[in-house]
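Q: Could we go through this structure together, feature by feature, so that I learn how to read each one?

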Amino acid sequence: SLKGATIVDALDTLYIMEMYDEFEAATEWVERNLDFNMNAEISVFEVNIRFVGGLLSAYYLSGKEVFRKKAVELGEKLLPAFKTPTGIPWALLNLKSGIGRNWPWASGGSSILAEYGTLHLEFMHLSALSGRPVFAEKVMNIRKVLNRLDKPQGLYPNYLNPNSGQWGQHHVSVGGLGDSFYEYLLKAWLMSDKTDEEGKKLYYDALQAIEKNLIRKSSGGLTYIAEWKGGLLEHKMGHLTCFAGGMIALGADGAPDDKTGHQMELAAEIARTCHESYSRTSMKLGPEAFRFDGGVEAIATRQNEKYFILRPEVIETYMYMWRFTHDPKYRQWGWEAVQALEKYCRVDGGYSGVRDVYANTPNHDDVQQSFYLAETLKYLYLLFSDDDHLPFDHWVFNTEAHPIPVIKKQTPEMANHLK
């Protein structure tokens with residue numbers, strides 16, 4: 001696999017936290033060792049959000065040319081993934097041979113919504129930085145394919161066949177397999193300085209379908225986002241789905257038909273539900289998934305859903321809610337998470353995930369995911385920073401929390417100046 005994920009994913013975190021000596025050391029490592037000419041099969045999605053996103057962010061924050069060069073070089077290595085009959089990319093790509101394939105477990109050889117739908121922000125910037133329209137063309141084509149398909153109930157299934165251009169199983173999720181597709185519709189509009197009207201409409205239409213079909217309230221009064229399986233609801237919410245509180249808050253200001261207040265309320269309710277999933281465990285860290293059935297609420301009922309792998313989504317939502325409301329409870333909730341991370345996840349070599357958040361003593365999994373440094377710690381830092389540290393009107397965070405700048409629409413004066 002690609003080496004250096006932790007270093008590349010953490011570059012912008014080091015810079016934002018003003019750890020410039022470490023940033024210089026990491027930059028030197030990237031110059032010497034970051035190499036994409038290897039015979040390795042990689043996930044197009046993971047490499048895009050962690051490596052391309054991390055390099056773009058490091059470039060825009062530091063201005064160092066090496067990061068722009070490496071980002072574009074890596075972007076070019078990903079292009080063969082789009083060589084399918086529809087242009088919907090493969091999930092997996094061999095960087096040396098350029099041969100792609102999909103996950104063997106995915107419905108009927110399908111590509112996954114959250115994977116092919118989470119390229120837009122990075123690829124638009126790759127076009128801007130390289131002067132090559134090919135990157136933008138690839139992601140705009142994905143939109144075109146989605147636009148002409150019938151959406152069941154206005155929803156986007158998680159599976160799409162890249163050969164036929166038809167949906168696979170009608171499963172819908174705002175958590176894993178779906179999540180960041182919705183986020184990138186909204187952020188495409190925000191990153192375009194609100195000129196991408198198509199992205200805007202697609203986002204608010206999708207959110208309306210999600211509200212109608214997936215958002216429910218438990219008997220105990222907790223609002224949650226269920227999973228949809230061919231028209232049947234599973235009353236389960238994943239930790240990954242908790243990002244939606246922050247997304248809905250971020251989009252509330254632009255909501256049509258006076259829905260801003262309603263969407264802020266909805267975002268706050270989701271944040272509260274996700275906080276409950278944390279506070280109802282022994283360790284005060286949230287499980288991978290939690291359920292709302294059989295008299296249980298916001299609790300994991302299956303052993304294989306009780307783990308916590310240092311994921312950022314709940315803290316991400318606290319950060320957005322704090323920025324938009326300044327209600328002190330969001331910093332309080334973030335501080336509870338900090339204390340729990342220190343108490344149960346801190347180990348000699350860094351931080352580790354735990355296998356059961358309901359246990360009294362941690363059983364460590366001995367893994368520190370790169371997103372812990374890229375996302376969890378960055379969102380915590382920003383939760384306790386001033387609002388003008390990476391302000392939302394200038395920066396959009398990719399789904400791995402890499403800030404990339406809004407591409408400002410040129411004022412007529414500016415355009416004249418550039419002629």
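This is a predicted model: local features need pLDDT of at least 70, side-chain atom pairs count only at pLDDT 80 or more; totals for chains, interfaces and linings use all residues.

Q: What percentage of the residues count as buried?

A: A residue is called buried under 20% relative accessible area, exposed over 50%, and partly exposed in between, with a 1.4 Å probe and protein chains only. Of the 419 residues in this protein, 58% count as buried.

Q: How many helices and strands does the protein have, and how compact is it?

A: Helices (H or I, at least four residues) and strands (E, at least two) are DSSP runs numbered from the N terminus, and here they come to 15 helices and 16 strands. The radius of gyration, taken over C-alpha atoms and compared with a globule rule of 2.2 Å times the number of residues to the power 0.38, is 21 Å for this protein, close to the 22 Å that the rule gives for 419 residues, so the protein is as compact as a globular protein of that length. Along the principal axes, the C-alpha atoms fill a box of roughly 60 × 50 × 50 Å.

Q: What share of the contacts with a separation of 6 or more comes from residues 24 or more positions apart?

A: A contact means heavy atoms within 4.5 Å. Among the contacts in the protein with a separation of 6 or more, 66% are between residues 24 or more positions apart.

Q: How should I read a helix such as H12, and what do its buried residues pack against?

A: One begins with the span, whose expected value is 1.5 Å times one less than the number of residues. H12 has 13 residues and reaches 18 Å from its first C-alpha to its last, close to the 18 Å expected. The helix is mostly covered, with 11 of its 13 residues buried, among them Glu313, Tyr318, Trp322 and Arg323. These buried residues pack against several elements, including H8, helix H10 (243–252), helix H13 (329–345) and strand S15 (395–397). Just after H12 comes histidine 326, which takes a positive phi of about 55°.

Q: Why is H8 described as largely enclosed by the rest of the structure?

A: In H8, 13 of the 13 residues are buried, so the helix is largely enclosed by the rest of the structure. H8 covers residues 179–191 and also reaches 18 Å, close to the 18 Å expected for its 13 residues. Aspartate 193, which follows H8, has a positive phi near 60°.

Q: In what order do S6, S9 and S10 lie in their sheet?

A: Two strands pair if DSSP finds at least two bridges between them. This open sheet of 3 strands has the order S6-S9-S10, with antiparallel pairing. Its edge strands are S6 (171–172) and S10 (232–234), each of which pairs on one side only. Strand S9 (residues 227–229) pairs with S10 over 3 bridges, and lysine 229 has leucine 232 in S10 as its bridge partner.

Q: How many salt bridges are there, and which residues are linked in a network?

A: A salt bridge is a side-chain nitrogen of Lys or Arg within 4 Å of a carboxyl oxygen of Asp or Glu, and by this rule the count is 21. Lys229, Glu234, Lys236, Arg291 and Glu305 are linked in a network of salt bridges. Arginine 291 lies in strand S12 (residues 289–291) and glutamate 305 in the loop between S12 and helix H12 (313–325), so the pair ties together parts that are 14 residues apart in sequence.

Q: Are arginine 291 and glutamate 305 buried or exposed?

A: Arginine 291 counts as buried, at 4% relative accessibility, and glutamate 305 counts as buried at 8%.

Note on methods
Residues are numbered from 1 along each chain as its sequence is written. Side-chain values use heavy atoms; hydrogens and water are left out.
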